[in-house]
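Hi,

Here's the structure I promised to pass on. Have a look at it first, then read my notes below.

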Amino acid sequence: MKKIEAIVKPSKLDAVKQALQEVGVRGMTVSEVKGCGRQGGHKEIYRTMEVAVDLLPKLKLEIVVRDGMVDKVIEAIIRAARTRKIGDGKVFVLPLDDVVRIRTGETGDAAV
Amino acid sequence: MPHLDTGDTAFVLISAALVMFMTPGLGLFYGGMVRSKNVLGTVMHSFIIVGIVSVVWPLLGYSLAFAPGGSPFLGGLHWVFLRGVGQTPNADYAATVPHLAFMVFQLMFAVITPALITGAFAERMRFSAFLFFVPLWSLLVYSPICHWVWGTDGWIRKLGALDFAGGTVVHISSGAAALAAALLVGRRRAAGSMAPHNVPMTILGAAMLWFGWFGFNAGSALASVGIAASAFVVTHLAAAAATLSWLLVERAHRGRPTTLGAVTGCVAGLVAITPASGFVGPMPALFIGLVAGAVCYGAIQLKGPLGYDDSLDVVGVHGAGGIVGALGTGLFASKAINPAGANGLLLGNPGLLTAQVVAIGAVLGYSFVMTSLILKALGATTGLRVSEGEEEIGLDLSQHNETGYAW
């Protein structure tokens with residue numbers, strides 16, 4: 001089992017969701033997050049006030065998959081979220097000790 | 001014997017209601033510009049003033065502003081508790097509407113004026129100090145200035161200065177008070193982004209102000225007559241012109257025209273046309289609006305270099321805009337528009353402009369000094385500011401024990 005965390009542009013959510021469905025991913029958790037990286041920020045001006053916005057809004061998708069699915073899922077995310085411009089985001093793959101489905105108590109691959 | 005006119009009475013009462021709507025509108029205008037932790041505290045400043053001044057005015061404030069038997073500097077005590085203020089018109093001020101209608105129209109002006117000041121000390125004023133500040137300011141600053149400018153024996157009125165709807169009484173007085181307040185309350189402790197938390201709320205507030213301003217200026221004719229239509233039109237034109245000129249200057253200076261700039265420009269135009277609204281025609285109104293947008297844009301740039309934290313730009317918009325309007329009245333006023341007024345400099349009468357300058361100086365000086373004294377006294381007793389910790393968690397939670405937005 002692996003946990004895949006993908007940081008993507010908010011405007012790419014629908015495309016990524018659809019691509020994930022096509023490769024058979026049915027569960028995910030999506031959060032609104034802010035972050036910084038190579039994209040840098042911008043300046044906003046309110047009357048006389050300059051506000052440096054250096055944390056940009058992104059979405060974080062958390063997906064848990066069986067080991068055999070990892071490459072397909074990463075490919076799907078990249079295909080859907082890529083614009084080739086700075087700010088497209090990142091995909092992290094993390095090892096996962098266990099998963100428990102609360103309703104049934106199932107664990108491991110059966111609970112994914 | 002004064003004769004009551006039903007059309008005039010209906011117009012003045014509706015105008016009073018329009019002006020009332022401006023103060024909660026101002027609360028939203030200001031509320032959108034602060035951080036989300038201070039939204040309720042900021043809206044509350046405007047809202048609670050409707051309560052406070054609506055009690056103080058009938059008890060004492062109205063009499064000190066308008067009652068006979070006083071001096072050129074302060075009204076008498078004949079109308080304390082509204083004694084003698086009833087349904088019969090008062091020929092001195094509005095001969096065709098019930099005296100009570102004139103009183104309540106003026107009440108709405110007395111309400112919004114201190115509310116304008118609250119933008120100068122937003123996000124840090126202690127609520128208890130604020131509750132003392134408002135009635136003191138209303139009685140010691142607003143009522144006297146109102147009497148000087150509009151009272152039958154007021155010294156500025158006798159001087160011949162013109163202020164149709166409150167350029168000096170409302171805007172210059174609140175602008176000068178705002179400067180005193182920003183200086184004496186002190187700067188906000190900056191922490192993180194100080195950006196406005198809800199610009200659409202500010203736009204809604206500005207729209208309510210623009211709408212209500214028709215009652216403010218056209219209603220100041222106190223009768224449904226030609227001057228009211230003239231004031232209505234010039235009010236609208238000046239607001240529109242100032243919206244455009246603010247954006248032009250902003251785009252040239254900063255590269256982008258902003259929504260916050262558009263609504264600030266419109267308010268600057270409304271402020272500037274206020275004293276002139278019953279005395280000038282449409283073309284001078286466009287000119288006054290264009291100048292006001294540009295001048296007020298420049299004026300708000302001063303607070304950075306000069307170091308005072310006039311948080312929501314009361315000095316730059318109401319102070320500077322009020323001065324533009326008072327001078328514009330001195331230049332463009334025409335007896336062809338309003339025979340009860342005077343001709344301005346451009347029609348060959350330099351005397352009016354001189355009177356306007358005296359009025360500006362007197363109101364600026366008196367409001368600044370008296371506001372400073374009130375705040376000094378409160379600073380020594382209740383304290384003006386919330387504590388550092390209270391400022392950090394915000395006025396909503398620290399002063400009112402609630403939050404604007406459930407999460």
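Let's start with D313(B): setting aside residues within four places in sequence, D313(B) is in contact with R47(A), G119(B) and I300(B). Keep in mind that this is a predicted model. You'll find D313(B) in the loop between α11 (303–306) and α12 (314–332) of chain B. Buried or exposed? D313(B) counts as buried because it has 24 C-beta neighbours inside 10 Å, and the cut-off for buried is 20 or more.

Next, where the chains meet. Seven residues from chain A and 13 residues from chain B take part in the contact. On the side of chain A that touches chain B, β3 (42–46) and β4 (49–53) are the elements that give two or more residues. β3(A) gives the most there, with three residues. That side of chain A is made up of four nonpolar, one polar and two charged residues.

Now the inside. The largest nonpolar core has 147 residues, and those touching the most other members include L209(B), I112(B) and A242(B). Helix α3 (residues 99–117) of chain B supplies the largest share of this core, 14 residues. Another core, of 13 residues, lies apart from it, with I4(A), V25(A), L61(A) and A76(A) among them. Back to L209(B): beyond four places in sequence, its contacts include M22(B), F29(B) and L270(B).

Cheers

Technical notes:
Residues are numbered from 1 along each chain as its sequence is written. Chains are lettered from A and ligands numbered from 1 in the order in which they are written. This is a predicted model: local features need pLDDT of at least 70, side-chain atom pairs count only at pLDDT 80 or more; totals for chains, interfaces and linings use all residues. Helices (H or I, at least four residues) and strands (E, at least two) are DSSP runs, numbered from the N terminus. A residue is buried if 20 or more other C-beta atoms lie within 10 Å of its own, exposed if 12 or fewer, and partly exposed in between; C-beta atoms are placed from the backbone. Two residues are in contact if their C-beta atoms, placed from the backbone, lie within 7 Å. A nonpolar core is a set of buried Ala, Val, Leu, Ile, Met, Phe, Trp, Tyr and Cys residues joined through C-beta atoms within 7 Å. Ala, Val, Leu, Ile, Met, Phe, Trp, Tyr, Cys and Pro count as nonpolar, Asp, Glu, Lys and Arg as charged, and the others, Gly among them, as polar.
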